[in-house]
Amino acid sequence: MLAILFFVFLGTLILGVPIAIAMGYGAVCAFMLEMPRAMVMMPTKMFGGLDSFSLMAIPFFILAGDIMSASGISRKLINFAELLVGWIKGGLALATVTACVIFASVCGSAAASTSAIGAVMINSMAEKGYEKGFVSCLVASGGCIGPIIPPSILAVIYAGGTGLSVGALFMAGVLPGLVLAAALAVCCVVYARKNPEIAKAAYHVSFAEGKSIVFDALPALFMPVIIIGGILTGVVTATEAGGIACIYGIIIGFAQRTLSLKGIWNVFADSALTVSRLMIIVGIATIFGWVLSIKRFPNTVADFLTSVSSNPYIVIFLIILFLIFIGFFMETVAALIILTPVLAPIGEMLGFDPLQYAMILFTTLLFGAITPPVGILLFITSNIANIRLTESLRFIWPFVFAFLFSIAVLVFCPFMSNAIPNFLGL
């Protein structure tokens with residue numbers, strides 16, 4: 001049954017079939033040939049995978065990010081980021097990383113963060129002399145910070161599959177996200193040193209202009225306080241916080257006259273399409289994972305990995321290599337849903353802190369979002385920059401090393417993941 005499942009799945013994936021349909025084909029063929037009567041359970045299992053209150057947070061966070069983009073709030077956050085670090089040599093690149101961190105604190109989607117920041121920064125940086133390939137890689141890598149720093153779509157999905165606290169997973173992502181941001185900032189500094197023509201500090205504003213930028217950005221900067229503060233204080237759940245963030249974003253958009261009724265209708269339509277595509281993946285991945293659980297595939301993988309070595313660091317190294325390979329071919333959300341029941345028990349067996357282990361999984365799977373052949377974020381930024389993917393790939397290696405460094409820090413420094421949750425009693 002597993003042979004049929006993987007053969008059909010990989011075969012259709014190679015033929016260019018969308019990943020959700022490929023997973024569905026694999027599951028259907030596996031059941032038709034070996035357990036045809038069980039097919040009546042597939043709709044129920046698919047609906048059960050979506051029937052979760054915690055998963056309702058995903059559409060809200062996606063909608064909140066789209067509202068911020070449509071209302072021009074993302075542009076104000078970028079202006080604020082430029083004010084903070086734009087005066088440093090190579091500051092425009094550092095401002096891009098800073099903007100990715102700020103935007104990540106209100107939107108848990110990598111694609112949304114990448115699109116919002118890329119739409120503003122890619123052409124602006126190209127006009128200042130930055131090579132489009134470098135900017136494309138930078139924005140794509142910075143977009144990966146979105147699902148690590150809270151609120152995080154990946155954290156919501158992983159919490160649903162493991163029973164961990166959403167709030168604890170949210171707070172566990174703060175320092176790992178900042179570590180990745182710091183690694184990307186080093187890439188920016190090195191690039192600026194090698195290209196002195198763009199390294200000059202060119203961003204200067206008067207005190208009055210700076211005050212205006214800060215004042216304009218304050219409403220947007222207050223949104224993370226609503227989301228994270230509400231969850232940590234127990235006033236609202238993650239789902240309720242996402243809904244409040246959407247309402248808050250709409251109020252700001254209308255109050256600042258940057259959002260109209262027609263605009264909000266378009267935002268809802270775009271968000272509905274994004275959420276629909278994502279939820280189809282979630283539902284079908286649930287069936288795919290059901291097949292794996294029936295055949296005790298998680299236990300087989302766990303037994304194999306633990307038989308290789310009793311050293312937890314050797315096993316986690318093998319898991320990271322496996323996740324990097326999976327990330328080459330699978331979208332991050334689908335891979336996480338399928339692999340959570342497979343890999344989560346292994347982390348507990350190895351003695352890793354559950355929050356640390358989750359951050360390792362998130363960061364490693366997100367690495368696949370900037371590497372071909374899938375590399376969805378790199379495709380997004382290359383299209384925005386109007387360049388071929390091969391031109392972006394010329395500059396990808398520094399960012400590859402930045403990711404590998406971040407993953408290594410998470411493996412060998414567990415306090416990066418659990419320091420804040422422990423301090424907050426989560």
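In this predicted model, 14 aromatic pairs are counted, where rings of Phe, Tyr and Trp (its six-membered ring) pair if their centres lie within 6.5 Å, and planes under 30 degrees apart count as stacked, over 60 as edge-to-face and the rest as tilted. The model is predicted, and local features need pLDDT of at least 70, side-chain atom pairs count only at pLDDT 80 or more, and totals for chains, interfaces and linings use all residues. Residues are numbered from 1 along each chain as its sequence is written, and side-chain values use heavy atoms, with hydrogens and water left out.

One of the pairs is formed by Phe-134 and Phe-399, whose ring centres are 5.7 Å apart and whose planes stand at 45°, so this pair is tilted. Phe-134 belongs to helix α8 and Phe-399 to helix α22 (residues 397-412), and the pair links parts of the chain 265 residues apart. Helices (H or I, at least four residues) and strands (E, at least two) are DSSP runs, numbered from the N terminus. Phe-134 has a relative accessibility of 4% and counts as buried, and Phe-399 is buried with a value of 0%. Buried means under 20% relative accessible area, exposed over 50%, and partly exposed in between (1.4 Å probe, protein chains only). Tyr-130, Phe-134, Tyr-191 and Phe-399 together make up one aromatic cluster.

Another buried residue is Phe-403, with a relative accessible area of 0%; Phe-367 is buried at 5%. The rings of Phe-367 and Phe-403 have centres 5.7 Å apart and planes at 50°, so this pair is tilted. Phe-367 is part of helix α19 (residues 354-367) and Phe-403 of helix α22, so parts 36 residues apart in sequence are tied together.

Helix α8 (residues 132-143) also packs against helix α20 (residues 376-385), at an angle of about 140° and with the axes 8 Å apart. Axes are lines fitted to C-alpha atoms, for helices over the stretch in contact, and angles run from 0 to 180 degrees between N-to-C directions. The two helices α8 and α20 are therefore oblique to each other; angles under 35 degrees count as roughly parallel, over 145 as roughly antiparallel, 65 to 115 as roughly perpendicular and the rest as oblique. On the α8 side the contact involves Lys-132, Ser-136, Cys-137, Val-139, Ala-140 and Gly-143, and on the α20 side Leu-377, Leu-378, Thr-381, Ser-382 and Ala-385. Contact means heavy atoms within 4.5 Å. By class, this contact of α8 with α20 has 6 nonpolar, 4 polar and 1 charged residues. Ala, Val, Leu, Ile, Met, Phe, Trp, Tyr, Cys and Pro count as nonpolar, Asp, Glu, Lys and Arg as charged, and the others, Gly among them, as polar.

Ser-382, in helix α20, is buried with a relative accessible area of 2%. Not counting residues up to four places away in sequence, Ser-382 touches Ser-136, Ile-387, Arg-388, Leu-389 and Ser-392.

The axes of helix α7 (residues 110-127) and α8 come within 8 Å and cross at roughly 155°. This makes α7 roughly antiparallel to α8. Residues of α7 in the contact include Ala-110, Ile-117 and Met-121, and those of α8 include Val-135, Leu-138 and Val-139. The contact of α7 with α8 has 10 nonpolar, 5 polar and 1 charged residues by class.
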